[in-house]
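This report covers one protein chain, from overall composition down to individual residues. The sequence and the model come first.

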Amino acid sequence: MKINIFLLFSLSILLASCEDEEQKTTETPATPLVRDNGNSIIFPDIETIAFFKTEKIHRKPAETELTAPGKVVATVVPSTQGASQNIILFDNPELTGNYTQLIQHQINIAQIQNINIRQKQLELERTRDLLSHGSATGQDLLNAQTALSMEQTSLENEKAALIEHESRLKAAGFNPETVRKADAGIAYIICDIPENQIGEIREGQSCHIAFAAFPNEKFTGITDAVTDRIDNITRMAKVRISIQNASNKFRSGMFVHVSFALQTGNALSVHKTSLVTVQGRHYVFVKKSINAFERSEVRIDQQTGDRIRILSGLQDDEEIAVGGVMQLKGLSFGY
C-alpha cells in the first residue's frame, strides 16, 4: 500500500513538471500593439520600451549656417616698380580696365580741379583787371572765360566717366575707394546670397571659407560689405569678403564655399538620428506614456552639426526617440 502511494505521488510530480515544461515551450513573447495605421505603438512591458533611448527637446537660441559658392575675384600685391599704389589683380579683365580707367579719371580730376581751373580762374581775374585799366580787350576777356569754361566742361566729363566705371565696379561687389586703399597681402572673395538673407549678414562678421584648391584646410574671412544692387533675375546680392593673403597663397579665379553662422532666435531642434524620412516626408517618434510612442510628422529646416531645426510638428518639452528609431520606423510603416 505504501509503495502504491509513493508511485502515485511520483507520477503526479512528473505530470506536473511536464505540464510546466509544455507551458514554457508554448508561451510566446507579447508583441507591440500598433494602432491607427502605425501612428501609435504600445509596448507590452517597460523592459521592452527601455531599449529605445529618448531625449527631451527645449526651445533655445539656435544657430544655422548659410553656405554660398564664391570666387576669389581680386588680390592686392605690391608694385615692384615702387609705384605709390599697390597693384590690384582682378580675375575679370573688364574689371581691370574699369579700375585702371577709374584711377586715371581720378588723377585727371585732381589735375583739372587743383591746377587747370585755378590757373584759368587767375587768368580770368587778371584779364578783367587789365580790361578795367584799358590794357586788355573784350576779346581777351571772352577768350579767358571760354578757356575756364572748357576746363569746367572737361571736369564734368571726367566725373561722368569716373561714375560710369565706379558703378561697374560696385555692381561687381567692389567699393573702388576701399580697394584703392587696401594693403598688399589682401584677397577679395565675392559670393552671392539670397535677397531674403541680406538682413542676416553684417559688416565685420567673420565667416568660414573652404577652398577647392585646399580641401583639407579651413580659413576665416571678414565680411566687408553687401552690394547695393539685387540681380533682377536671380534675386541674389553680392557679398564682398576679405581674407589675409600675405603668402600669396590665394589666386584670382579660385573657387570657394563661404559659410556664415546665422542666429535664428529660440527654436526646437532634434538630433539627426531622431528623424526618419518616408516618401519625402519627415517623422519623429514622440514618447506619449511610459510604454507608448506616437509618430509625428515634422517640417525641418537646415542642419547644423548633428542638430536639425524643427519648424513645426513638435512642442517644447516633448520627449522623442533618438535610439532604436529604425525599429520604430519598421513597426510604424511595416518595413
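Accessible areas here come from the Shrake-Rupley method with a 1.4 Å probe. On that basis the protein chain exposes about 20,400 Å², and carbon and sulfur atoms supply 52% of this area. The model is a predicted one.

## Overall composition

The protein chain contains six helices and 15 strands. It has 335 residues, of which 34% count as buried. Among contacts between residues at least 6 apart in sequence, 68% join residues that are at least 24 apart.

## Helix 3

Helix 3 covers residues 93-132, which makes 40 residues. At 1.5 Å a residue the helix should span 58 Å, and its end C-alpha atoms are 56 Å apart, which agrees.

Just after the helix, Gly134 takes a positive phi of about 80°.

## Helix 4

Helix 4 has 34 residues. From first C-alpha to last it reaches 50 Å, close to the 50 Å expected at 1.5 Å a residue. Gly173, just after this helix, has a positive phi of about 100°.

The buried residues of helix 4 include the leucines Leu141, Leu148, Leu155, Leu162 and Leu169. Ala144 and Ala161 are buried as well, and so are Glu151, Glu158 and His165. The buried residues of this helix pack against strand 5, helix 3 and helix 5.

## Val179 in helix 5

Helix 5 spans residues 176-180 and contains Val179. Is Val179 buried or exposed? Its relative accessibility is 1%, under the 20% cut-off, so Val179 counts as buried.

Leaving out residues up to four places away in sequence, Val179 touches Ile88, Tyr99, Phe174 and Tyr188. Val179 and Ile87 are 92 residues apart in sequence, while their C-alpha atoms are 10.0 Å apart in space.

## Cysteines

A disulfide is a covalent bond between the sulfur atoms of two cysteines. With a cut-off of 2.5 Å between sulfur atoms, the count comes to zero disulfides. Cys191 is in no disulfide, and the nearest cysteine sulfur, that of Cys207, is 7.2 Å away. Cys207 is likewise in no disulfide, its nearest cysteine sulfur being that of Cys191 at 7.2 Å.

Both cysteines fall under the 20% limit for burial. The relative accessible area is 1% for Cys191 and 2% for Cys207.

## Loops around strand 9

Most residues other than glycine have a negative phi. Arg235 has a positive phi, near 55°. This residue sits in the loop between strand 8 (214-230) and strand 9 (236-244). With a relative accessible area of 35%, Arg235 is partly exposed.

The loop between strand 9 and strand 10 (255-271) holds Asn248, whose phi is also positive, near 60°. At 33% relative accessibility, Asn248 counts as partly exposed. Asn245 lies in the loop between strand 9 and strand 10 too, but at 6% relative accessibility Asn245 counts as buried. What does the side chain of Asn245 reach? It comes to 2.9 Å from the backbone nitrogen of Phe250. Leaving aside neighbours within four places in sequence, Asn245 is in contact with Thr75, Gly185, Ile186, Ala187 and Phe250.

Note on methods. Residues numbered from 1 in each chain as written. Predicted model: local features only at pLDDT ≥ 70, side-chain atom pairs only at ≥ 80, totals over all residues. Heavy atoms only, no water. Helix = DSSP H or I, 4+ residues; strand = E, 2+ residues; numbered from the N terminus. Buried < 20%, exposed > 50% of the residue type's maximum accessible area, 1.4 Å probe, protein only. Contact = heavy atoms within 4.5 Å. Expected span 1.5 Å × (residues − 1). Polar contact = N/O pair within 3.5 Å; in protein donor to acceptor, adjacent residues only side chain to side chain.
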